[in-house]
Amino acid sequence: MEHLRRSKVADLLQSKERGSEVLVKGWVRTKRGNKNVNFIALNDGSVIHHIQVVAEVAKFDEELLKKITTGSAIAVEGTLVESMGQGQNVEIQARKIELFGTADPETYPLQKKGHTLEFLREIAHLRPRTNTFGAVLRIRHAMAFAIHKYFNDHGFFYIHSPIVTGSDAEGAGAMFRVTTLDPLHPPLTPEGKVNYTEDFFGKETSLTVSGQLEAELAALSLSLVYTFGPTFRAENSNTPRHLAEFWMIEPEMAFYDIHDNMDLAEDFLKSLMQYALDHCMDDLEFLNKMYDNELIDRLQQVIGSKFERLTYTEAIEILKASGQSWEFPVDWGSDLQAEHERYLVEKHFHCPVILTNYPRDIKAFYMKQNDDNKTVRGMDVLFPRIGEIIGGSQREEDYDSLLRRIREMNIPEKDVWWYLDTRRFGTAPHSGFGLGFERLILFVTGMSNIRDVIPFPRTPKNAEF
Ligand code: 4AD
Ligand code: MG
């Protein structure tokens, strides 16, 4: 079989050629037929659709055909012909079949169709073999590519912020410690505390919760930058929207105020939805049919809508006047919960919403303070079904105000002296935001649980695969 080059199923299904010799390799999704002929649906992951392989039983070793079952990996050489069957244009009349790996029908967990998503989470190592995860993973790839393309097209530079860090960017929630000290016998200080000066980095370090602080340093030189990397939060939140390890996209722009920041966030999100519609339609149609029949409409609606912009204070008034009963009370000064965010988006405005000017006590130290001494120039973008998809702000660029806030919030100055330095030397107004990649993928795929849009979810008590 070596003389033929392997074709991808995606290309063959589009091909106008007939009668040509082709070679495909992939995994068997189903095999059916009778004593004369076998029909094998073969998928190689390049596209959601399978190609039909027709094998005349008389032409093949009977034992070989018997061993080919759902899940086995094979190579097929044959002729590409017009298909008489329904649902496909072309099929392959097989001449040679090579079997790479069998999948015992007695034990192969995906022998039958129609497993629940919960069950598939328990076999995360095999679930990419399903139509659903093939679709999700292809869309995830397309969105990652579209993000890099968007920023590249708009003159942004990709900055690789560190994963191991000595600072706590958000100051909310716990961080995962990174250490090589012996957990049973750590070196101690005379006061009996763990002596981190003897640790690998000579100080206490953790996995980062955000690449923002480093992105700010770069923006104050390169003007337009973004990070796109894994971030880690050791919060014990077992919800369909939280992961302990998730990917975040964080653009940071010098000379942008909060309004420029909102404009960018809105244009960025719409362009990603458009990219999905332009490049992922096969997968979107599958997900639309199987999981969420409003998915494609919703993507189009977001592109066509103007995001509603209002202040946190205005949002609180709307929520209070709504007459709804809430699980979490609505009070000026407390953080909005997903139920409040979704009410504003889904019931009140019927479009994405951007809230600004949050109470400073519920937001991070770096947000620009407003003159009212109560609020900061933060912004959250709220989406249907998701709630918060983006969190961002204009940054406090004034050295004295920033230092005051750092002290008020008891942030150790020794951890952020380098950050403060940027406000001492050539400080400038700047803004940025963070898009949760998996929340974006949730929205674009119509899936309902964040565990189903990342290959190997990390959640409390779960890091098996
Ligand atoms: O609102 P967050 O915490 O903002 C920041 O980290 C800022 N440093 C961003 C910035 O201004 N550069 O997180 C940003 C986004 C959220 O809006 C949400 O989409 C996502 O990250 N996110 C999570 N996604 C999955 N699991 C979690 N535990 C998440 N926490 C935040
Ligand atoms: Mg947030």
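Modeller: Helices (H or I, at least four residues) and strands (E, at least two) are DSSP runs, numbered from the N terminus. This is a predicted model, in which local features need pLDDT of at least 70, side-chain atom pairs count only at pLDDT 80 or more, and totals for chains, interfaces and linings use all residues. Residues are numbered from 1 along each chain as its sequence is written, and side-chain values use heavy atoms, with hydrogens and water left out.

Colleague: How many helices and strands are there in the protein chain?

Modeller: Both kinds of run occur in the protein chain. The count is 13 helices and 16 strands.

Colleague: What percentage of the residues in the protein chain is buried?

Modeller: Buried means under 20% relative accessible area, exposed over 50%, and partly exposed in between (1.4 Å probe, protein chains only). The protein chain has 465 residues, and the buried share of them is 51%.

Colleague: How many aromatic pairs does a search of the whole structure find?

Modeller: A pair of aromatic rings is described by the distance of the centres and the angle of the planes. Rings of Phe, Tyr and Trp (its six-membered ring) pair if their centres lie within 6.5 Å; planes under 30 degrees apart count as stacked, over 60 as edge-to-face and the rest as tilted. The search of the whole structure gives 19.

Colleague: Which kind of aromatic pair do Phe365 and Tyr419 form?

Modeller: Phe365 is in the loop between β13 (353-359) and β14 (375-383), while Tyr419 is in helix α12 (residues 413-424), 54 residues apart. Both Phe365 and Tyr419 are buried. Their rings are 5.8 Å apart centre to centre, with 70 degrees between the planes, and the pair is edge-to-face.

Colleague: Why is the pair of Phe383 and Phe443 edge-to-face?

Modeller: Phe383 is buried at 0% relative accessibility, and Phe443 is buried with a relative accessible area of 1%. Phe383 lies in strand β14 and Phe443 in helix α13 (residues 437-445), so the pair ties together parts 60 residues apart in sequence. The ring centres of Phe383 and Phe443 are 4.7 Å apart, and the pair is edge-to-face because the planes are at 70 degrees.

Colleague: Which residue lies over the face of Tyr419?

Modeller: A charge sits over a ring if NZ of Lys or CZ of Arg is within 6 Å of the ring centre and within 35 degrees of the ring normal. Lys363 lies over the face of Tyr358, at 4.1 Å from the ring centre. For Tyr419, at 4.2 Å from the ring centre, the residue is Arg423.

How values were computed
Chains are lettered from A and ligands numbered from 1 in the order in which they are written.
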